[in-house]
Amino acid sequence: MTIVTGVTDHRRMSVPEIRGLSAGALVTDPQVIEGYRRDQAAIVPAGRPLGVVRAASVEDVSAALAWASGHQVPVVPRGAGTGLSGGANAIDGCLVVSTEKLTAIRVVDAANSCAVAEAGVINADVGRAAAKAGLFYPPDPGSFEISTIGGNLATNAGGMRCVKYGVTRDSVLGLEAVLADGTVLATGSGGARKNVAGYDLTSLLIGSEGTLGIITSATLRLRPLPPRPPVTFAATIPELPQAGHVVAAIGASGVTPSLLEFIDNPTINAIEDYRRMDLDRSAAGLLIGQADGVSADEDVAAMMKCCEEAGAVDVLRSDSAEEAESLLAARRLAAPAVMATGPTIIDDVCVPPGRLTAMLEEVQRVSRDSGLTIAVTAHAGDGNLHPALMLPSLEDDVVARAMEAGERLCRRAVELGGTITGEHGVGALKQPWVSGQLGPAALAAHRAIKAALDPAGILNPGRAF
């Protein structure tokens, strides 16, 4: 896979002292730099940067971008490196700008139900700070204990609560970001729920994967804690495509779950091999659902009835908070457990929830045709699937077969009215497939926006589109 930067090749250039950086922010030690070269996308190439700026303030980010712009050096923004699409992989001759040290939660404003968090704050830490104020922060990607707010914003990350509370964008009121030339930009309204003054630059930057600017902090919307603990149930799925029928039945019932997750048989067995969770290794799949709020008991009863009528078996309500937490812990282990089996490509497609069955059937066809095991986890309630292609090796022919399989899955998702990525981002991994979803007019609009905000093309070139 070739990454085309569109900027001058600086592989032999050394980084001088960058004016305005705080002491120790610039790292050029090759051994230290090695840890900043790639994210979790195993098959995406990673280049060798000139240096890494570990920014401790928005001023550091501004100084780094002003220098890079002046010297036409590509910049790769980086959070915690938990991405799965190669979007944070270094490019030869680039400057990596890490936001890992921007770790302040500047304020938790309980009166206005919002918080201001810097880009390096861990997602779960925002949740814990909100809970102390009697509030909660809904976005909860599977990596919530290690991924950062900046990375979540860059990819518009989702998580298990998306089905009720939406993705990251739905919980953001404003941003602080640094543009390609070092200019610091503030977007949004500082906490107001409504704002139509000018273009929606906040939404534009969220999900842009660092190609339009580097987000340094965000004003996040917090919500009241549900009045009671959520109620959890689980249902065994006899055959893989049947999961879609069960989800469709719940969707048609009028009940809104706060969580509706699915894991298939290969995933169940990977989890049990990774850590014993007492899941049924023989099950075709497991559906885990929750409801919160005052009607949680009635909502869960209605969803359990839908499961039974749609053909699920062993439909059981959890008896305790511990049992419920164990089910969710098993679901959160899915990605690390599958990745522990060997080389993997964790795909990310999203289809309308009513077409989940069709997408699951395509997964089975692609697995059979490619000869690759594909383990599926899904935020089933909103149609977001994560098919993980499990590779026996990283030999060229195996990788080529896997990439062809991944392209087929993405193409089918688009045919079903969906997208090639619901929350992981395009990165470098899926960049060749974007044109299959975005038409010529949309691509032209993307290029015009990119040219306006990053005329030299230095910000994360070769990523996103």
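Modeller: Bearing in mind that this is a predicted model, I would start with α12 and α13, which are roughly antiparallel to each other because their axes cross at roughly 160°, an angle over the 145 degrees that marks the antiparallel class. Those axes come within 10 Å, and the crossing of α12 and α13 is right-handed.

Biologist: Which residues in α12 and α13 meet there?

Modeller: From α12 the contact takes in Ala358, Met359, Glu362, Val363, Arg365, Val366, Asp369 and Ser370, and these meet Arg401, Ala405, Arg408, Leu409, Arg412 and Ala413 in α13. By class, the residues of that contact divide into seven nonpolar, one polar and six charged.

Biologist: OK, and how does α12 pack with α7?

Modeller: Helix α7, residues 242–252, packs with helix α12, residues 356–370, at an angle of about 165°, and their axes are 7 Å apart. The two are therefore roughly antiparallel to each other, and α7 passes α12 in a right-handed crossing. On the α7 side, Ala243, Gly244, His245 and Val247 meet Leu356, Thr357 and Leu360 of α12, a contact with four nonpolar, three polar and no charged residues.

Biologist: What about α7 against α9, what angle do they make?

Modeller: That angle is about 140°, with the axes of α7 and helix α9, residues 296–309, lying 9 Å apart. These two helices are therefore oblique to each other, and α7 again makes a right-handed crossing as it passes α9.

Biologist: And what is in the α7 and α9 contact, by residue and by class?

Modeller: In α7 the residues are Val246, Ala249 and Ile250, and they meet Met303, Cys306 and Cys307 in α9. The contact is made up of six nonpolar residues, with no polar and no charged ones.

Biologist: Switching to holes now: how many cavities of 30 Å³ or more turn up in the whole structure?

Modeller: The search finds three. The largest cavity has a volume of about 70 Å³, and its lining consists of Gln40, Ala41, Ala42, Ile43, Val44, Leu84, Met339, Thr344, Ile345, Ile346 and Leu429. Strand β16, residues 344–346, supplies the largest share of that lining, three residues, and by class the lining has nine nonpolar, two polar and no charged residues.

Biologist: What lines the second largest cavity, then?

Modeller: The second largest cavity, with about 40 Å³ of space, is lined by Ile345, Asp347, Leu389, Ala402, Met403, Gly406, Leu429, Lys430 and Trp433. Helix α13, residues 396–415, gives the most to this lining, with three residues. The lining divides into six nonpolar, one polar and two charged residues.

Conventions. Residues are numbered from 1 along each chain as its sequence is written. This is a predicted model: local features need pLDDT of at least 70, side-chain atom pairs count only at pLDDT 80 or more; totals for chains, interfaces and linings use all residues. Side-chain values use heavy atoms; hydrogens and water are left out. Axes are lines fitted to C-alpha atoms, for helices over the stretch in contact, and angles run from 0 to 180 degrees between N-to-C directions. Helices (H or I, at least four residues) and strands (E, at least two) are DSSP runs, numbered from the N terminus. Angles under 35 degrees count as roughly parallel, over 145 as roughly antiparallel, 65 to 115 as roughly perpendicular and the rest as oblique. A crossing is left-handed if the near helix is turned anticlockwise from the far one by less than a right angle, and right-handed if clockwise. Contact means heavy atoms within 4.5 Å. Ala, Val, Leu, Ile, Met, Phe, Trp, Tyr, Cys and Pro count as nonpolar, Asp, Glu, Lys and Arg as charged, and the others, Gly among them, as polar. On a 1 Å grid over the protein atoms alone, a cavity is a set of points where a 1.4 Å probe fits but cannot get out, and a pocket is an open set with protein on both sides within 12 Å along at least five of seven lines; lining residues have an atom within 4 Å of a point. Grid points are joined across faces, edges and corners, and a volume is the space filled by probe spheres set on the points.
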